[in-house]
Amino acid sequence: MVTGRTLSARVGTLLLTLWLVSILVFFAGQVLPGDVGRVMLGPFADAQAVAELNKRLGADQPVLVQYGRWFCSALTGDFGTSLSMRAPVAPFVLESLKRSAALAGIILVFLVPLGVGAGVIAGLNAGRFIDRLIVMAGVSFGIVPDFVSGLMLLIVFGLWLNWFPISGVAPDGAGFWTNGYYLILPALPLVLNLAGYIARMTRAGVIEAMAADYTRTAVLKGLERREIIFRHVLRNALTPTIAVLATQTGYMLGGLVVIEALFGIQGLGNLVLNAAKARDFPMLEAGVLVMAAIFVLSAAAGDLVLALLDPRQRRRASS
């Protein structure tokens with residue numbers, strides 16, 4: 001079991017990290033050119049009107065005061081009003097996060113069985129032709145940028161063969177399966193890009209577990225190969241893979257800017273990109289903060305799962 005002391009330390013570290021990230025996000029937004037009043041009223045607005053609007057919004061106050069007000073509001077889920085949309089930021093961020101989560105879910109549906117399955121097969125056949133083929137294919141697909149493979153897949157399967165829609169956005173009122181179908185093509189570039197990495201991590205874990213003393217002991221006891229693999233090898237071999245998947249899940253939820261732009265998906269990455277272009281400071285700061293929170297929470301979730309599965313991690317964390 002994970003001790004209360006260990007859990008408290010992890011939660012404290014998580015909260016401290018998020019607080020530091022909020023500082024970086026806010027102050028990074030302050031160095032962008034332009035000001036709130038000018039963005040809202042336009043480039044030809046009277047200087048006095050801009051100054052009055054900045055005063056009314058509190059944008060003329062010291063930066064530390066602005067940060068304190070913004071941080072306290074963000075803790076309650078209030079990220080202010082979008083300068084470009086003239087509406088509260090939070091609903092836009094939440095809707096974008098839902099779209100990114102749907103895309104990430106489709107990616108994981110294909111990535112986990114493909115990457116982990118290929119890695120297990122390669123690890124159990126280390127040094128053989130199938131092992132070399134899986135490793136070579138994974139490296140080959142992994143070095144291709146996702147926007148390049150995404151464009152090629154869009155042309156081949158979307159335009160030439162017409163197997164999938166070229167947009168990642170389903171029509172209004174579409175059901176669960178229809179929405180998933182529209183996200184298959186946008187998910188494939190990330191699946192191809194990450195499957196090789198997941199497979200190599202799994203392969204390394206399987207090879208290490210197969211050579212471990214507990215596996216040799218199981219073999220000497222006369223256990224069946226299937227039982228040895230499922231009860232002893234996979235449980236220990238998949239711990240590093242879980243950590244990688246946790247980190248990559250954070251990337252899928254907030255870092256797919258190019259893929260979302262290519263397939264017209266208004267996800268979190270696309271939201272941040274558009275906010276930066278429009279100098280929409282509240283939207284930009286909220287989007288980046290949510291992205292950072294997702295990365296931190298994903299890494300923390302991976303560490304927690306590792307601590308639950310691996311006794312060595314629990315002893316290391318409590319020492």
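This is a predicted model: local features need pLDDT of at least 70, side-chain atom pairs count only at pLDDT 80 or more; totals for chains, interfaces and linings use all residues.
**View 1. Ile107 and the residues it touches.** Leaving aside residues up to four places away in sequence, Ile107 touches Ala187, Leu190, Val191, Met252 and Leu256. Ile107 itself belongs to helix H5. Its relative accessibility comes out at 0%, under the 20% cut-off, so Ile107 counts as buried. Look for Leu194 as well: Ile107 and Leu194 sit 87 residues apart in sequence, yet their C-alpha atoms are 9.7 Å apart in space.

**View 2. Helix H5 alongside helix H8.** Now zoom out to take in H5 (residues 89-124) and H8 (residues 176-210). Their axes come within 5 Å and cross at roughly 30 degrees. That angle is under 35 degrees, so H5 counts as roughly parallel to H8. As for its hand, the crossing of H5 and H8 is right-handed. Sort the residues in this contact by class and you get 25 nonpolar, five polar and one charged.

View 3. The phi angle of Asn162 is near 60 degrees, a positive value in a residue other than glycine. Is Asn162 buried or exposed? With 58% relative accessibility, over the 50% cut-off, Asn162 counts as exposed.

**View 4. Residues 314-319 and the model's confidence.** Across the chain, pLDDT averages 80, and 84% of the residues score at least 70. Over residues 314-319, though, the pLDDT is below 50. In the model, this stretch has eight contacts beyond near neighbours in sequence.

Conventions: Residues are numbered from 1 along each chain as its sequence is written. Side-chain values use heavy atoms; hydrogens and water are left out. pLDDT is the predictor's confidence in each residue, from 0 to 100. Contact means heavy atoms within 4.5 Å. Axes are lines fitted to C-alpha atoms, for helices over the stretch in contact, and angles run from 0 to 180 degrees between N-to-C directions. Helices (H or I, at least four residues) and strands (E, at least two) are DSSP runs, numbered from the N terminus. Angles under 35 degrees count as roughly parallel, over 145 as roughly antiparallel, 65 to 115 as roughly perpendicular and the rest as oblique. A crossing is left-handed if the near helix is turned anticlockwise from the far one by less than a right angle, and right-handed if clockwise. Ala, Val, Leu, Ile, Met, Phe, Trp, Tyr, Cys and Pro count as nonpolar, Asp, Glu, Lys and Arg as charged, and the others, Gly among them, as polar. Buried means under 20% relative accessible area, exposed over 50%, partly exposed in between (1.4 Å probe, protein chains only).
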